[in-house]
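Q: I would like to go through this model with you. Could we start with the overall picture and then turn to individual residues?

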Amino acid sequence: QVQLVESGGGLVQAGGSRRLSCAASGRTFSSARMGWFRQAPGKEREFVASIHWSGGSTSYADSVKGRFTISRDNAKNTVYLQMSSLKPEDTAVYYCAQTGDIPGKYHYWGQGTQVTVSS
């Protein structure tokens, strides 16, 4: 099993920055991808960014490109999401997730952390 714990959420003003962390424990996969997703009230969950645990290749949603940066610290089994130039529409619960045995399918999820951007 894999446990994922997010932290770093909170209230931030528009234009500000925030860094989210996701600590992974338990069974880990060197071939796995870690992803950040978000869900705003009344909306479906959407992809934000992902990174490969080993190779470090990254992917971003168009809505966050140039503003958000995903990174990892393999020694700490932690993935980060650095968010800058935040907008009110970035307000959501942010979840981290990890793929499991099936490539590309996110199987393990954290409990989420709320990010609220005030205008």
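This is a predicted model: local features need pLDDT of at least 70, side-chain atom pairs count only at pLDDT 80 or more; totals for chains, interfaces and linings use all residues.

Q: Understood. How many helices and strands does the chain have?
A: The chain has zero helices and eleven strands. Helices (H or I, at least four residues) and strands (E, at least two) are DSSP runs, numbered from the N terminus.

Q: And what is the radius of gyration against the globule rule?
A: The radius of gyration is 13 Å, close to the 14 Å that the globule rule gives for 119 residues, so the chain is as compact as a globular protein of that length. The radius is taken over C-alpha atoms, and the rule is 2.2 Å times the number of residues to the power 0.38. Along its principal axes, the C-alpha trace spans about 40 × 25 × 25 Å.

Q: What share of the residues is buried?
A: Buried residues make up 44% of the 119 residues. Buried means under 20% relative accessible area, exposed over 50%, and partly exposed in between (1.4 Å probe, protein chains only).

Q: What share of the contacts comes from residues 24 or more positions apart?
A: Such residues account for 53% of the contacts with a separation of 6 or more, where contact means heavy atoms within 4.5 Å.

Q: Take Val-48. Which residues does it contact beyond four places in sequence?
A: Val-48 is in contact with Trp-36, Phe-37, Arg-38, Ser-59, Tyr-60, Ala-61, Val-64, Phe-68, Leu-81 and Tyr-94, leaving aside its neighbours within four places in sequence.

Q: Which cysteines form a disulfide?
A: Cys-22 and Cys-96 do, with their sulfur atoms 2.0 Å apart; a disulfide is a pair of cysteine sulfur atoms within 2.5 Å. Cys-22 lies in strand β3 and Cys-96 in strand β9, so the pair ties together parts that are 74 residues apart in sequence. The link is right-handed, with 50 degrees about the S-S bond, and both Cys-22 and Cys-96 are buried.

Q: Changing topic: how many salt bridges are there?
A: The count comes to four salt bridges, each being a side-chain nitrogen of Lys or Arg within 4 Å of a carboxyl oxygen of Asp or Glu.

Q: Which residue pairs with Asp-90, and where do the two lie?
A: Asp-90 forms a salt bridge with Arg-67, the closest N and O atoms being 2.7 Å apart. Asp-90 is in the loop between β8 (78-83) and β9 (92-99), and Arg-67 is in the loop between β6 (58-60) and β7 (68-73), 23 residues apart. Both Asp-90 and Arg-67 are buried.

Q: And what about Arg-38?
A: Arg-38 meets Glu-46 in a salt bridge at 2.6 Å, N to O. Arg-38 counts as buried because its relative accessibility is 6%, whereas Glu-46, at 35%, counts as partly exposed. Arg-38, Glu-46, Arg-67 and Asp-90 are linked in a network of salt bridges.

Q: Is Asp-62 buried or exposed?
A: Asp-62 counts as exposed, at 64% relative accessibility. Asp-62 forms a salt bridge with Lys-65, the closest N and O atoms being 3.3 Å apart.

Q: On to Ser-50. Which strand is it in?
A: Ser-50 lies in strand β5 and counts as buried, at 3% relative accessibility. A polar contact of 3.0 Å joins the side chains of Ser-50 and Arg-33. A polar contact is a pair of N or O atoms within 3.5 Å; within protein, one must be able to donate a hydrogen and the other to accept it, and residues adjacent in sequence count only if both atoms are side-chain atoms.

Q: Last one: what does the side chain of Gln-39 reach?
A: The side chain of Gln-39 reaches the backbone oxygen of Lys-43 at 3.1 Å. Gln-39 lies in strand β4 (residues 33-39) and counts as partly exposed, at 33% relative accessibility.

Notes:
Residues are numbered from 1 along each chain as its sequence is written. Side-chain values use heavy atoms; hydrogens and water are left out.
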